[in-house]
Amino acid sequence: MTSPLDAAAARARLLELIKELAVVRGKVILSSGAEADYYIDLRRITLHHEASKLVGQVMLALTDDAGIDFECAGGLTMGADPVGTAVMHAAVDAGRTVDAFVVRKAQKSYGMGRQVEGPSVEGRKVLVLEDTSTTGGSALTAVEGVRKAGGNVVAVAVIVDRDTGSKERIEAETGVPYLFAFGKDELGLS
């Protein structure tokens, strides 16, 4: 299990890496269609050789600190895929069993016709993950898919919260807590 000092060190180093590698300044159009003066490209973090491991450790510590118990971790495909895998590996390193899963944007019309891929989430406590959220849409789609597959969503957690209303929307529409590891103010983006 990661000690509090280790968790604090992992969090501090991950914050450094996010500031260095993921924050891109300049006008951008977000997936929500909104315009921003910066972009947080967390794939530069979640797919980075050092940062990925830190993501898993930080997200696991975040949920532990919040008292969230879960058996599966994942979310809507692309942004959440490496986050779920990082959490799965961090859990294994801590002597715990957590499966990862992927939620497709739509249910397949062929093969097994599943929307949630990976080990079954049915009847299990599920943590829905995302790298960052602007409108909450991706996380909400993932929650819906997991619930249709019989999973019990216990929380939604993101690496970076952009402070654009996702927390409020997700908590209101899902009835579960929304957690984030870093706020945009910590990235110098307030």
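**Close-up views of a predicted protein chain**

**View 1. Ala-9 in the opening helix region of the predicted model.** Ala-9 has its place in helix H1, which covers residues 4-22; here helices are DSSP runs of H or I with at least four residues and strands are DSSP runs of E with at least two, both numbered from the N terminus. With a relative accessibility of 46%, Ala-9 counts as partly exposed, a class that lies between buried (under 20% relative accessible area) and exposed (over 50%), as found with a 1.4 Å probe and protein chains only. Val-58 is 49 residues away from Ala-9 along the chain, and the C-alpha atoms of the two are separated by 9.5 Å. The model is predicted, so local features need pLDDT of at least 70 and side-chain atom pairs count only at pLDDT 80 or more, while totals for chains, interfaces and linings use all residues. Residues are numbered from 1 along each chain as its sequence is written, and side-chain values use heavy atoms, with hydrogens and water left out.

**View 2. The protein chain as a whole.** The protein chain holds 6 helices and 8 strands, and from the N terminus on its elements follow the order α-β-β-α-α-β-α-β-β-β-α-β-α-β. Its radius of gyration is 16 Å, close to the 16 Å that the globule rule gives for 190 residues, so the protein chain is as compact as a globular protein of that length; the radius is taken over C-alpha atoms, and the rule is 2.2 Å times the number of residues to the power 0.38. Along the principal axes, the C-alpha atoms fill a box of roughly 45 × 40 × 30 Å. Of the 190 residues, 49% are buried, and the protein chain exposes about 9000 Å², of which carbon and sulfur atoms supply 51%, with areas taken from the Shrake-Rupley method with a 1.4 Å probe and, for residues, only the protein chains shown counting as cover. Among contacts (heavy atoms within 4.5 Å) between residues at least 6 apart in sequence, 68% join residues at least 24 apart.

**View 3. The largest pocket and its lining.** The largest pocket has a volume of about 420 Å³ and is lined by 24 residues, of which Ser-31, Glu-130, Asp-131, Thr-132 and Ser-138 lie nearest its centre. The elements that give two or more residues to this lining are strand E2 (35-40), strand E6 (125-133) and helix H5 (137-148), and E6 gives the most, with 4 residues. On a 1 Å grid over the protein atoms alone, a pocket is an open set of points with protein on both sides within 12 Å along at least five of seven lines, and lining residues have an atom within 4 Å of a point; points are joined across faces, edges and corners, and a volume is the space filled by probe spheres set on them.

**View 4. Ser-31 at the pocket.** Ser-31, one of the residues nearest the centre of the largest pocket, is found in the loop between strand E1 (23-29) and E2. Ser-31 is exposed, with a relative accessible area of 85%, and its C-alpha atom is separated by 9.1 Å from that of Thr-135, which is 104 residues away along the chain.

**View 5. Val-102 and its contacts.** Val-102 is found in strand E4 (residues 99-103) and is partly exposed, with a relative accessible area of 26%. Leaving aside neighbours within four places in sequence, Val-102 is in contact with Gly-75, Thr-77, Asp-81, Gln-115, Val-116 and Glu-117.

**View 6. Two loop residues with positive phi.** Met-78, in the loop between strand E3 (72-76) and helix H4 (81-93), has a positive phi of about 105° although it is not a glycine. Asp-163, in the loop between strand E7 (152-161) and helix H6 (166-174), has a positive phi near 60° and is exposed, with a relative accessible area of 55%.

Key: 1 Å grid on protein atoms, 1.4 Å probe; cavity = no way out; pocket = protein on both sides within 12 Å on 5 of 7 lines; lining within 4 Å.
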